[in-house]
Amino acid sequence: MTLYIVGLLGAVIAFVLNNNLKLGIVVGSALPSLVFALLVFALESYLPMEFSTQAPALFYGAAFIGMASNKIVDSYFLIGISGLLFSFIFLHTAPYFNGFGGALGTTAALCFIPIYWISKVFKRNSK
């Protein structure tokens with residue numbers, strides 16, 4: 001359950017830094033990912049092994065979702081749902097993609113697409 005929260009937070013924090021604080025997509029994604037990874041590294045001896053090995057990559061991959069512009073999707077809730085979906089897919093498929101490049105970004109994109117379409121449907125129905 002804790003790892004799912006990591007994915008949710010990675011997506012939402014990056015989205016806020018990117019859009020609300022206007023840090024841009026690279027800094028908005030990379031800065032919280034770096035801080036999170038350093039915290040996990042500093043607290044590694046106090047954390048469960050599974051958390052300390054998977055959480056940094058999970059947060060970093062979910063932060064790719066936060067690179068979205070609020071002109072495309074303007075809902076923190078939907079960005080958070082996309083982060084949870086990313087967590088689910090990451091936790092259940094990561095061993096199969098060991099050694100493949102681009103797996104985090106591709107997974108993030110695949111998790112963002114349904115959220116994007118859901119937001120389009122809600123916008124269309126509200127008009």
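Predicted model: local features only at pLDDT ≥ 70, side-chain atom pairs only at ≥ 80, totals over all residues.

Leaving aside neighbours within four places in sequence, which residues is Ser-33 in contact with? They are Phe-59, Tyr-60 and Ala-63.

**Ser-33**
- Ser-33 belongs to helix α2, which spans residues 25-42.
- With a relative accessible area of 8%, Ser-33 is buried, because the cut-off for that class is under 20%.
- The Ser-33 side chain comes to 2.7 Å from the backbone oxygen of Ser-29.

**Helix α1 against helix α2**
- The axes of α1 and α2 are 8 Å apart, and the two helices pack at an angle of about 140 degrees.
- This angle makes α1 oblique to α2, since roughly antiparallel would require over 145 degrees.
- The crossing of this pair, α1 and α2, is right-handed.
- From α1, the contact takes in Val-6, Ile-13, Ala-14, Leu-17 and Asn-18.
- From α2, Ile-25, Gly-28, Ser-29, Pro-32 and Phe-36 take part.
- By class, the residues of the contact between α1 and α2 are seven nonpolar, three polar and no charged.

**Helix α1 against helix α3**
- Helix α3 covers residues 49-65, and its axis comes within 7 Å of that of α1, crossing at roughly 30 degrees.
- That angle makes α1 roughly parallel to α3, because angles under 35 degrees fall in that class.
- The crossing of α1 and α3 is right-handed.
- On the α1 side, the contact is made by Thr-2, Leu-3, Val-6, Gly-7, Leu-9, Gly-10, Ala-11, Ile-13 and Ala-14.
- On the α3 side, the residues include Glu-50, Phe-51, Gln-54, Leu-58 and Phe-59.
- The contact of α1 with α3 has 13 nonpolar, four polar and one charged residues.

**Asn-19**
- Asn-19 lies in helix α1, which runs over residues 2-19.
- Its relative accessibility is 6%, so Asn-19 counts as buried.
- A polar atom of the Asn-19 side chain lies 3.0 Å from the backbone oxygen of Ala-68.
- Not counting residues up to four places away in sequence, Asn-19 touches Gly-66, Ala-68, Ser-69 and Asn-70.

Notes:
Residues numbered from 1 in each chain as written. Heavy atoms only, no water. Helix = DSSP H or I, 4+ residues; strand = E, 2+ residues; numbered from the N terminus. Buried < 20%, exposed > 50% of the residue type's maximum accessible area, 1.4 Å probe, protein only. Polar contact = N/O pair within 3.5 Å; in protein donor to acceptor, adjacent residues only side chain to side chain. Contact = heavy atoms within 4.5 Å. Axes fitted to C-alpha atoms, helices over the stretch in contact; angles between N-to-C directions. Parallel < 35°, antiparallel > 145°, perpendicular 65-115°, else oblique. Left-handed = near helix turned anticlockwise from the far one by under 90°. Nonpolar A, V, L, I, M, F, W, Y, C, P; charged D, E, K, R; others polar.
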